[in-house]
Amino acid sequence: APARPTRDVRFPRYPAALRARGVEGDALVRVTVDASGRVVPSSVEFVACDDAEFARAVSDALFDPATRFAPAVLRG
């Protein structure tokens, strides 16, 4: 099963400047999660992102000390 967020994950905050202008967008990110549930910094790949502000918000959330993921499990 793929890695999944734990209850402690911090979700990205919508960038205030983009919200004020009514800008909508998406960010699709591929990451590797280590055995402790943290994102491996060198693994972060933005597959698609509509604005640099969205990318910054996602990165801030991924590397927040409280953010943890349940690591993927292979063959049990």
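I began with the fold order: read along the sequence, the protein follows the pattern β-α-β-β-α-β. That makes 2 helices and 4 strands, where helices (H or I, at least four residues) and strands (E, at least two) are DSSP runs numbered from the N terminus.

**Ground rules**

I am working on a predicted model, in which local features need pLDDT of at least 70, side-chain atom pairs count only at pLDDT 80 or more, and totals for chains, interfaces and linings use all residues. Residues are numbered from 1 along each chain as its sequence is written, and side-chain values use heavy atoms, with hydrogens and water left out.

**Overall picture**

I looked up burial for the chain and found that 22% of the 76 residues count as buried. Buried here means under 20% relative accessible area, exposed means over 50%, and partly exposed is in between (1.4 Å probe, protein chains only). I then turned to contacts (heavy atoms within 4.5 Å). Of those with a separation of 6 or more, 62% are between residues 24 or more positions apart.

**Helix α2**

Which residues of α2 are buried? I noted F54, A55, A57, V58, A61 and L62. Seen down the axis of α2, these buried residues fall within an arc of 165°, so they line one face of the helix; the arc is that of the directions from the helix axis to the C-beta atoms. What do the buried residues of α2 pack against? My list has α1, β2 (27-30), β3 (45-49) and β4 (69-70).

I checked the N-terminal end of α2 next and found D51 as its cap, with a side-chain oxygen 2.7 Å from the backbone nitrogen of E53. For polar contacts I used pairs of N or O atoms within 3.5 Å; within protein, one must be able to donate a hydrogen and the other to accept it, and residues adjacent in sequence count only if both atoms are side-chain atoms.

**Aromatic pair**

I went through the rings of Phe, Tyr and Trp (its six-membered ring), which pair if their centres lie within 6.5 Å; planes under 30 degrees apart count as stacked, over 60 as edge-to-face and the rest as tilted. The count comes to 1 aromatic pair. Y14 and F54 form this edge-to-face pair, at 5.4 Å centre to centre and 80° between the planes. It links distant parts of the chain, 40 residues apart: Y14 sits in the loop between β1 (4-5) and α1 (16-20), and F54 in helix α2 (residues 52-62). I see Y14 as partly exposed at 32% relative accessibility, whereas F54 is buried at 7%.

**Nonpolar core**

I searched for nonpolar cores, meaning sets of buried Ala, Val, Leu, Ile, Met, Phe, Trp, Tyr and Cys residues joined through side-chain atoms within 4.5 Å. The largest has 6 residues: V9, V33, V39, V58, L62 and F69.

**Salt bridges**

Side chains of opposite charge can pair when their charged atoms come close. I counted a salt bridge where a side-chain nitrogen of Lys or Arg lies within 4 Å of a carboxyl oxygen of Asp or Glu. How many salt bridges are there? I have 2 salt bridges in my notes.

R30 pairs with E45, the closest N and O atoms being 3.1 Å apart. R30 is partly exposed at 48%, and E45 is partly exposed at 38%.

E53 and R56 form a salt bridge too, at 2.5 Å from N to O. These two are 3 residues apart in helix α2, so about one helical turn separates them. I found E53 partly exposed at 32% and R56 partly exposed at 44%.

**From α2 to β4**

I finished with the loop between α2 and β4, where T67 is found. Is T67 buried or exposed? T67 counts as buried, at 3% relative accessibility. A polar atom of the T67 side chain lies 2.7 Å from the backbone oxygen of A61.

D64 has its place in the loop between α2 and β4 and is buried at 19%. Not counting residues up to four places away in sequence, D64 touches R10 and R38.

My last entry is A70 in strand β4, buried at 16%. A70 and R38 are 32 residues apart in sequence and 8.8 Å apart in space, C-alpha to C-alpha.
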